[in-house]
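Please look through the sequence and the structure shown below. The report that follows takes up charged side-chain pairs and then the pairing of strands.

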Amino acid sequence: MARLADKVAVITGGAGGIGRAAAELFAAEGAKVVLVDIDEAGLRQAARRLGKKAVKWVAADVSKPAQVEKYVQAALDHYGRIDIFVSNAGVEGAVRHITRYPTRTFDKVMAVNVKGAWLGLKQVIPVMKERGGGSIIITSSYAGIRGTTGVSAYVASKHALVGLTRAAALECAGLGIRVNAVNPGPIDDRMMHALASRIAPEDQGRARETIRKGIPLKRYGTPAEVAQLMLFLAGEESRFCTGGVYVIDGGISAR
């Protein structure tokens, strides 16, 4: 039997690499999926790959309360419930020393990465409470448990998501709602390519190779590998797991 049969999963950042991979895997395991992203063209493309019967998509800015309410209500209108919430939307921001980091960029990173997750919890938790439980998965990063130079806003936001995960897990434990964080390392997706281009715009290949060499397993992870971890946390196999921080980084954080 499919591991997520008859479950409804809302996935933010659904047009990106990890979000799209999670949507494909969840749908293959029987879930009905609601994809959320600010990138409408990307959402259309992802929905075509999944097939219209398995997916609904909603274009929304996760940092705006009214738009968060919109995507939650759309899921309820279409499927009647939410069993799984993957808060995955995120932006990387600039690559600059703190003293030169643009304040406006800092505000955007915190708004999307932290406020967006918090607003999602604020709307989804009551829906799950009414149904008697659910699983919430928040995408943090290996940068959420260690320092990294040049990306202070991103690092701060991802540390904040670990704290948010733990606070929400404790608040929701009595409601039958589990909350866990997934902390990917360098993943072969758009965000990693964008960071490489900002680290060394004149030689992105060199930047990518430098990052790769710093990974103990000597390769980038894939969105599909992160999706497999999310599937475990979404399903019944992880029913005793809450408040956890699950690192998938090729060994970087072991140092």
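## Salt bridges and strand pairing

In this predicted model, the side chains of Glu209 and Arg212 meet in a salt bridge, with an N to O distance of 2.5 Å. Both residues belong to helix H7, where Glu209 and Arg212 lie three residues apart, about one turn of the helix. Glu209 counts as partly exposed at 32% relative accessibility, and Arg212 also counts as partly exposed, at 24%.

| Pair | N to O distance |
|---|---|
| Glu209 and Arg212 | 2.5 Å |
| Arg49 and Glu24 | 3.0 Å |
| Asp188 and Arg208 | 3.6 Å |

The side chains of Asp188 and Arg208 meet in a salt bridge, and this pair links distant parts of the chain, since Asp188 sits in the loop between strand E6 and helix H6 whereas Arg208 sits in helix H7, 20 residues apart. For the salt bridge between Arg49 and Glu24, the partners are 25 residues apart, with Arg49 in helix H2 and Glu24 in helix H1. Arg49 counts as exposed at 53% relative accessibility, while Glu24 is partly exposed at 28%. Elsewhere, a network of salt bridges links Arg81, Asp83 and Arg131.

Turning to the strands, E1 (residues 8–12) and E2 run parallel and are joined by five bridges, with Lys32 in E2 as the bridge partner of Val8. Together with helix H1, the strands E1 and E2 make a right-handed β-α-β unit. Strand E2 also pairs with E3 (residues 55–59) in the parallel sense over five bridges, and Val55 in E3 is the bridge partner of Val33. Strand E2 is mostly covered, with five of its six residues buried.

Note on methods:
Residues numbered from 1 in each chain as written. Predicted model: local features only at pLDDT ≥ 70, side-chain atom pairs only at ≥ 80, totals over all residues. Heavy atoms only, no water. Buried < 20%, exposed > 50% of the residue type's maximum accessible area, 1.4 Å probe, protein only. Helix = DSSP H or I, 4+ residues; strand = E, 2+ residues; numbered from the N terminus. Pairing = 2+ DSSP bridges. Right-handed = clockwise from strand over helix to strand, strands pointing away. Salt bridge = Lys/Arg side-chain N within 4 Å of Asp/Glu carboxyl O.
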